[in-house]
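Trainee: I would like to go through the labels on this model. Please set each one against its cut-off.

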Amino acid sequence: MVESGGRVLLTDLLDDAGSAAAADLGQAARYCHHDVADEQSWNRAVSDAIEGFGRLDVLVNNAGIWHTGSLESETTADFTKTLQVNLFGVFHGMRAALPALRASGNGAIVNISSTAALSGATGHTAYGASKWAIRGITKTAALELAVDHIRVNAVLPGAIDTAMLGGSDEVKAVVAAKVPLSRLGQAAEVAAMVTFLVSDAASYITGQEFVVDGGLTAGADPPPKR
């Protein structure tokens, strides 16, 4: 987004990493400590964006946590924590940003879901529930906010090579072998889709879902080998 001329407020609980990322981006970026599961923290983040840049045109709900657990083994505490971050974080974010996005006259929201929201996945009781719910809240918000010229879309990444994916190189190679493009995705490839969706080039797109997964969910057949 910065490369495209935007100014961004980065938020996280990891202050050292967040501050370093903002510093790397230069004067077009700021950082603030932010807990997406906390409604009041969202109000502070929106105020920080307006104070720093004078307006807020775009909200990207990207924060997420992931853990595995079967329906039988899942705990209420872990299930609740996952929804507080992955789902309630999106809910609080859209509500907090709405007045500023409405004032911008041409706002855009992108909610990050997952390919785990397209089909069931063993051991993903909490994570899958949260990501399926993001699809629903995105479409509902798109209908309700269209009158305010605020577009709302979702991006559904597949296996992306980030810290959340984790695992050794061997584990990553096994995952990549299941992808038709035979590799893991890169964060920049997801960011490119997000940047497109908040740009004027996507001015007639709202309430939609965009999968970035190297073809992983295209079909049931395994990718051919050469």
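Mentor: We take the labels one by one, with values and definitions.

Mentor: Two points on the basis. This is a predicted model, where local features need pLDDT of at least 70, side-chain atom pairs count only at pLDDT 80 or more, and totals for chains, interfaces and linings use all residues. Residues are numbered from 1 along each chain as its sequence is written, and side-chain values use heavy atoms, with hydrogens and water left out.

Trainee: What makes E1 and E2 a pair of strands?

Mentor: Strands are DSSP runs of E with at least two residues, helices are runs of H or I with at least four, and the numbering starts at the N terminus. Two strands pair if DSSP finds at least two bridges between them. Strand E1 (residues 8–12) and strand E2 (residues 29–33) have five bridges, in the parallel sense.

Trainee: How does the chain get from E1 to E2, and what is the hand of the crossover?

Mentor: The chain passes through helix H1 (residues 15–25), and this β-α-β crossover is right-handed. The term applies if, with the strands pointing away from the viewer, the path from the first strand over the helix to the second runs clockwise.

Trainee: Why is Asp48 called buried?

Mentor: Buried means under 20% relative accessible area, exposed over 50%, and partly exposed in between (1.4 Å probe, protein chains only). Asp48 has 15%, so Asp48 is buried. Asp48 sits in helix H2 (residues 39–53). Leaving out residues up to four places away in sequence, Asp48 touches Leu9, Arg30, Tyr31 and Cys32. Contact means heavy atoms within 4.5 Å.

Trainee: Why is H2 called oblique to H4?

Mentor: H2 and helix H4 (residues 88–104) pack at about 40°, with axes 9 Å apart. Axes are lines fitted to C-alpha atoms, for helices over the stretch in contact, and angles run from 0 to 180 degrees between N-to-C directions. Under 35 degrees counts as roughly parallel, over 145 as roughly antiparallel, 65 to 115 as roughly perpendicular, and the rest as oblique. That makes H2 oblique to H4.

Trainee: Which residues meet there?

Mentor: From H2 come Glu39, Trp42, Asn43, Val46 and Ile50. Their counterparts in H4 include Gly89, His92, Arg95 and Ala100.

Trainee: What makes E3 and E6 edge strands?

Mentor: Four strands form an open sheet in the order E3-E4-E5-E6, with parallel pairing. Strand E3 (58–61) and strand E6 (209–212) each have a single partner strand, so one side of each is left without a neighbour in the sheet. Direction ignored, neighbouring strands of this sheet are turned by 20° against each other on average.

Trainee: How do you know that the neighbours in this sheet pair?

Mentor: Count the bridges. E3 and E4 have four. E4 and E5 have five. Strand E5 (residues 151–157) and E6 have four. Val110 in E4 is the bridge partner of Val60. Val110 also has a bridge partner in E5, Asn153. Val155 is bridged to Phe210 in E6.

Trainee: Why is E4 called largely enclosed?

Mentor: Five of the five residues of E4 are buried, so E4 is largely enclosed by the rest of the structure. Ala108, Val110 and Ile112 point one way, Ile109 and Asn111 the other way.

Trainee: Why is Phe79 called partly exposed?

Mentor: Its relative accessibility is 27%, so Phe79 counts as partly exposed. Phe79 lies in helix H3. Beyond residues up to four places away in sequence, Phe79 touches Glu74, Thr125, Ala126 and Ala129.

Trainee: What makes His149 and Ser182 stand out in phi?

Mentor: Phi of His149 is near 60°, a positive value in a residue other than glycine. Ser182 also has a positive phi, about 60°, and is not a glycine. His149 lies in the loop between H5 and E5. Ser182 lies in the loop between helix H6 (169–177) and helix H7 (187–198).

Trainee: Which of the exposure labels does each one get?

Mentor: His149 has 54%, so His149 is exposed. Ser182 has 48%, so Ser182 is partly exposed.
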